[in-house]
Amino acid sequence: MIDHSLKKTQMAVQPPEERCKNFREVALGYTEEQARAEAARCLGCKNRPCTDGCPVGVDIRGFIAHIKEGNYGEAYEVISRTSLLPAVCGRVCPQEKQCEGKCVRGIKGEPVGIGRLERFAADFHAKTATKLPEAPEKNGKRVAVIGSGPAGLACAGELARRGYDVTVFEALHVAGGVLVYGIPEFRLPKEIVARSIEELEALGVHIVTDAVAGKSFTLGELREAGFGAVFLGTGAGLPKFMGIKGENAKGVFSANEYLTRVNLMKAYEEGSETPVFRAKRVAVVGGGNVAMDAARTARRLGAEVTVVYRRSRAELPAREEEAAHAEEEGVLFRLLANPKEILTDGEDNVIGMKCVEMELGEPDASGRRRPREKAGSEFVLGTDCVIMALGTSPNPLLKRATAGLETGERGEIVADEDGRTSLEGVFAGGDAVTGSATVILAMGAGKRAAAAIDEYLKN
Amino acid sequence: MFRILKKQKLNDSVIRMEIEAPFAARRAEPGQFVILRADERGERIPLTIAGYDRERGTVEIVFQVVGGATMCLGAREEGESIPDLVGPLGVPTALEGLKKVAVIGGGVGCAIALPVARKLQKLGASVTSIVGFRSRGLVILEEEFCACSDRFFLMTDDGSYGEKGNVCAPLGRLLQTETFDEVIAIGPLVMMKFVAAATRPYAIKTVASMNPIMIDGTGMCGCCRLTVGGETKFACVDGPDFDAHLVDFDEAIRRSRTYTAFESRKREEHCNLFRK
């Protein structure tokens, strides 16, 4: 029986007034009944538009059919055939632009809650699984993966399944990349990331933390050490700043720094050894998912938070759900405004931010209407702290240490569809190639590169 | 895990440790740094490499116990291990081709200046070392500096040992009659600022080793940014060495105080813990 209701089955969330005071997960997930009810909304379309919308091509119709029948374990099996991190993707994928964006049910009413169902299947598996996956027989060929973010993990997992002996090198002291330092606990509990990595290790993947490619070792040394191929999943870690006056004042941070202190170093916990700047008023500059994460984090640390974004609400690059959650939690939005200068006192403490109002002109190359300053509209936003969430670019560290690795204008590694770079046997994918994008696109790139590496090492 | 092979107190608050870290030791060069954590919940502490032994696979660090994190590290004993040590990070100090150099060290910074002086001597350069401390009890590495320097000046602020005054006094005297290919200053920000001011009129290339607050050390957080010649630079990947005549030291000093209140609170907490 197909359920014809136009709306998704609701998922319980922590009430805004409660959750803005804690770091626990906001969305609580479906119960079995809710999952089955939502699964019943799936039409099981033969042409599978949803799967076409998925960067890793999950058999969505297939896994939802299992949930419908109450076979949750099988549902998980179906997803994990193509996706390595279902618990992560079910939470952080922009489904509205991918699978759900293509769902036939979305033509009239809301699409099937594919992300929620994926999360349900993954969480059910985590709760009930009694053993970790078994490592397939090794083929004796070694591959090095640089970076343990979504691209690296996906590539490593895919190669391990194909029998390769994979070692992942991570610069930080914990594996997971942006999943652990960037995305906050309340959106993606770190326990989930840790479990996903444990499963990878069970597949035979070695993870070496505290190892910076280009510093601790070079790519050449890896090849000499017997790694037949290398995958670069080094991400886009370099934060952008605006270059305005006052930007190096004491209370100005990149979103990366602010989030790393809180997420990776657990600065929100009582007794943490790592400090985080506690301000009464925080201004977050930018409108992407990272800006929302920073704003909601600052809110949880007790600040009055204003997001300053130069376009209007409609152009906000953040996922609608994230922006709505931020609003519910009391984050204020100062739209169509752009910072001009950060104002400081004699001790270089932030006391405010001079902004100018913007209006939207003609569409630019990205198709979004280009913002331009409104003459004479300058105003001062009172604030003690500014967080710059303007996007990131690929880290130049590896490039500087690797002769012959071709990079583009913004430092992005030049690679083809399958991740082949200018260097023989060196592949790349994820944000390191595209600039800052999404978890799932990086995973897709990691997977494609794994197939290409397999091909390369077979010949 | 990274084992502490040797621990030695250089003075009341400065500790030297030799740590087993073959990965970092393999490629370490003077001027580079490592980031380590003293325990599983610990903060990431950036420390410039004070020495390394490639054969034994060890790096040496020298640090002053100033806040909670360094206090935890200082509490670790010989034979114990720390969970994390990553490096070498940053760009090595460029020493090739230098013939006559003044190496200036201040306080615990002397520990980092020492490998620079040693390497210069090895490269055949004439090395003038000038080191400064607040008072006699804080003097470290005197013999080691003597051994690798052609000329050696030791200053104390209060005159309790060596010559009374700061490092700029002998530097200023020398500059009146001679010149250097380069002056390398490693120590407190204020000291480096004054060394830069002393050499500026003579247009002698002067290098400062910056050690701002950091988290990842790979260019990811931007916490260590500083203004050099009007441009924002990241000390962790662009440095830590910069042209001292171009560094905005006043800004760096202000930024270094971002977490002062937190640090002193942590120190108090830890002191209380250790007292129990």
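Axes here are lines fitted to C-alpha atoms, for helices over the stretch in contact, and angles run from 0 to 180 degrees between N-to-C directions. This is a predicted model, where local features need pLDDT of at least 70 and side-chain atom pairs count only at pLDDT 80 or more. Residues are numbered from 1 along each chain, and side-chain values use heavy atoms, without hydrogens or water.

**Two packed helices**
- Helix α4 (residues 60–69) of chain A packs against helix α8 (residues 114–128) of chain A at about 60 degrees, with the axes 11 Å apart; helices are DSSP runs of H or I, at least four residues long.
- On the α4(A) side, Ile60(A), Phe63(A), Ile64(A) and Ile67(A) make the contact (heavy atoms within 4.5 Å).
- From α8(A) come Ile114(A), Leu117(A), Glu118(A), Phe120(A) and Ala121(A).

**The largest nonpolar core**
- A nonpolar core is a set of buried Ala, Val, Leu, Ile, Met, Phe, Trp, Tyr and Cys residues joined through side-chain atoms within 4.5 Å, and buried means under 20% relative accessible area (1.4 Å probe, protein chains only).
- The largest one has 78 residues, and Ile60(A), Leu117(A) and Ile453(A) are among those touching the most other members.
- Helix α18 (residues 439–458) of chain A gives the most to this core, nine residues.
- Ile453(A) touches residues including Val143(A), Tyr164(A) and Phe427(A).

**A loop residue**
- Thr31(A) sits in the loop between β2 (27–29) and α2 (32–39) of chain A.
- Its C-alpha atom is 9.2 Å from that of Ala12(A), 19 residues away along the chain.

Technical notes:
Chains are lettered from A and ligands numbered from 1 in the order in which they are written. Buried means under 20% relative accessible area, exposed over 50%, partly exposed in between (1.4 Å probe, protein chains only). Lists of a residue's contacts leave out its neighbours within four places in sequence.
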